[in-house]
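Subject: Structure for you to look at

Dear colleague,

My notes on what was found in it follow below.

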Amino acid sequence: MENIFCGYAKIKSKKIEIFIDANNPPSMLHSKNYQAGPLSFELVSNGVKFVCNSGSGKNLGEELLFKNKTHIEGIDNLNCKNLENKNLTFSVRFHIHPDIRITKTMGNDILLSSTNGEGWIFRSPQIPTKIEKNLYFGNPNNIRESSFILLEGNIENENTNIIWHLEKAK
């Protein structure tokens, strides 16, 4: 992780760039309403921003995967110490830039495509994907409608892994 500057990591491979928030998580006092945090990331491919940010993490691990230059894999691990409350749910959101077209495929994948014809495929093997409406505040003078990919479900045991993939479309 030599490319960390001011708590942000940049990983670059040819024309694909990933910017990761590598800062420490906020204190519990501030994390209740926190919108993004450790391991939130942005994906830029050929100068086009596809993913604006996503998620929040409590522990920053060293398992940043970038082995395949056109494939990103993530595993969000949720540890629940008290399962007496059986109605615990989780939500993981991937905010998509408003310039990106987002389409759900028949196979539960989501296709992200830019105006220059480039595409990425998002999938989660065990959790159904959803597309929800959102607002993009990237330019305070021009608030725009956008979308996000939503993974949600119930926490049913002590450790829940949420696995997802982003792969460049061929």
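The accessible surface of the protein chain comes to about 10900 Å², and 49% of that surface belongs to carbon and sulfur atoms; such areas come from the Shrake-Rupley method with a 1.4 Å probe, and for residues only the protein chains shown count as cover. Please keep in mind that this is a predicted model, in which local features need pLDDT of at least 70 and side-chain atom pairs count only at pLDDT 80 or more, while totals for chains, interfaces and linings use all residues. Residues are numbered from 1 along each chain as its sequence is written, and side-chain values use heavy atoms, with hydrogens and water left out.

Of the 170 residues of the protein chain, 36% count as buried, a word that here means under 20% relative accessible area, whereas exposed means over 50% and partly exposed lies in between (1.4 Å probe, protein chains only). Among contacts (heavy atoms within 4.5 Å) between residues at least 6 apart in sequence, 58% join residues at least 24 apart.

The secondary structure comes to 1 helix and 13 strands, where helices (H or I, at least four residues) and strands (E, at least two) are DSSP runs numbered from the N terminus. Read along the sequence, the pattern is β-β-β-α-β-β-β-β-β-β-β-β-β-β.

An open sheet is formed by 5 strands in the order 6-13-10-9-8, with antiparallel pairing; two strands pair if DSSP finds at least two bridges between them. Strand 6 (71-79) and strand 8 (101-104) stand at the edges, each with a single partner strand, so one side of each is left without a neighbour in the sheet. Strand 6 pairs with strand 13 (residues 159-168) over 9 bridges in the antiparallel sense, and Ile72 has Leu166 in strand 13 as its bridge partner.

The count of aromatic pairs comes to 4, and rings of Phe, Tyr and Trp (its six-membered ring) pair if their centres lie within 6.5 Å, with planes under 30 degrees apart counted as stacked, over 60 as edge-to-face and the rest as tilted. The rings of Phe94 and Trp164 have their centres 4.9 Å apart and their planes at 70°, so this pair is edge-to-face. The pair links distant parts of the chain, since Phe94 lies in strand 7 (residues 89-96) and Trp164 in strand 13, 70 residues apart. Phe94 is buried, with a relative accessible area of 2%, and Trp164 is buried as well, at 7%. Together with Phe122, Phe94 and Trp164 form one aromatic cluster.
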